Amino acid sequence: MTRVGLYGGTFDPIHHGHLISARSLAETLDLERVYLIPAARPPHKPDRAMTSIEDRLEMVRLAVEGDTLFEVCEIEARRDGPSYTYDTVERMRAIFGGSTELFWFIGGDSLPELHSWHRVRELVQCVTIVTATRPGWLPPTLETLATAVGESAAQELLSNCVGTPSIGISATEIRNRRSIGLSIWYLTPRDVVQYIERNDLYASADSAKRP
Ligand code: ATP
């Protein structure tokens, strides 16, 4: 059975925290391929100003160019409406068929929010959700999850937590540094740094107000 990882995110921009954590999960889970899936309209960030999906896609492409583990997936970029994970997983299931096992990556910060995801009860039935955790991370209680997805699915979610290296980089930090004129070298791959600089991304007064 082929094992494939799906990693959704805003990726505004993608950075080494995403890449190192995804590679580490892929090794731990023995995955053949990981699809990076930039969300056109993340349902949990409805009011946030975002860089265009074309720029975010391009930065993801540049970040992983030459690495055969990763593939960039445009499925959420090309779909209208909120970028619900459930819709993406359902589509990927149809594309890959029954001989592929799908794993959806989330960060430790997302697991306590999972109960609020669109059609979460069905989502946990059609994909294995794997939570990337960092040292010091505290899991949500079984009760919180069980209310949303049922007890056995909640137990499975808690047992599918995988330790990953702690890389203290966030997209917010990159945007904030750009907005006050600080260097972003080494926070994200070189080609992404150069793309951001060439296209003057995150440098406006507007981006300084982003959370
Ligand atoms: P922002 O700072 O804009 O909120 P972000 O850096 O958290 O962005 P997202 O695109 O929102 O990036 O995150 C996609 C996924 O990557 C989330 O599940 C998040 O938990 C995870 N993630 C973000 N930064 C890191 C990091 N440094 N190490 C491991 N995982 C990360």
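**The loop with Pro13**

Guide: Let's start with Pro13, which is located in the loop between S1 and H1. Helices (H or I, at least four residues) and strands (E, at least two) are DSSP runs, numbered from the N terminus. This is a predicted model, where local features need pLDDT of at least 70, side-chain atom pairs count only at pLDDT 80 or more, and totals for chains, interfaces and linings use all residues. Residues are numbered from 1 along each chain as its sequence is written, and side-chain values use heavy atoms, with hydrogens and water left out.

Visitor: OK, what joins Asp12 and Pro13?

Guide: A cis peptide bond, with omega at about 0°.

Visitor: And what about phi at Asp30?

Guide: Asp30 isn't a glycine, yet its phi is positive, about 55°. Asp30 sits in the loop between H1 and strand S2 (33–38). For background, most residues other than glycine have a negative phi, and most peptide bonds are trans.

Visitor: Switching to the ligand: how many residues surround it?

Guide: 22 residues do, and the closest are Lys45, Asp109, Ile167, Ala171 and Thr172.

Visitor: What's the distance from Asp109's side chain to a ligand oxygen?

Guide: An N or O atom in the Asp109 side chain is 2.6 Å from an oxygen atom of the ligand. For Arg175, a side-chain N or O atom is 3.0 Å from a ligand oxygen. Arg48 has a polar side-chain atom 3.2 Å from an oxygen atom of the ligand. A polar contact is a pair of N or O atoms within 3.5 Å.

Visitor: Which elements give two or more residues to that shell?

Guide: Strand S1 (2–9), helix H1 (16–29), strand S4 (100–107) and helix H7 (171–179).

Visitor: Zooming out, how many helices and strands are there?

Guide: The protein has nine helices and six strands. Its C-alpha trace spans about 50 × 35 × 35 Å along the principal axes.

Terms used. A residue is near a molecule or strand if one of its heavy atoms lies within 4 Å of it. A polar contact is a pair of N or O atoms within 3.5 Å; within protein, one must be able to donate a hydrogen and the other to accept it, and residues adjacent in sequence count only if both atoms are side-chain atoms.
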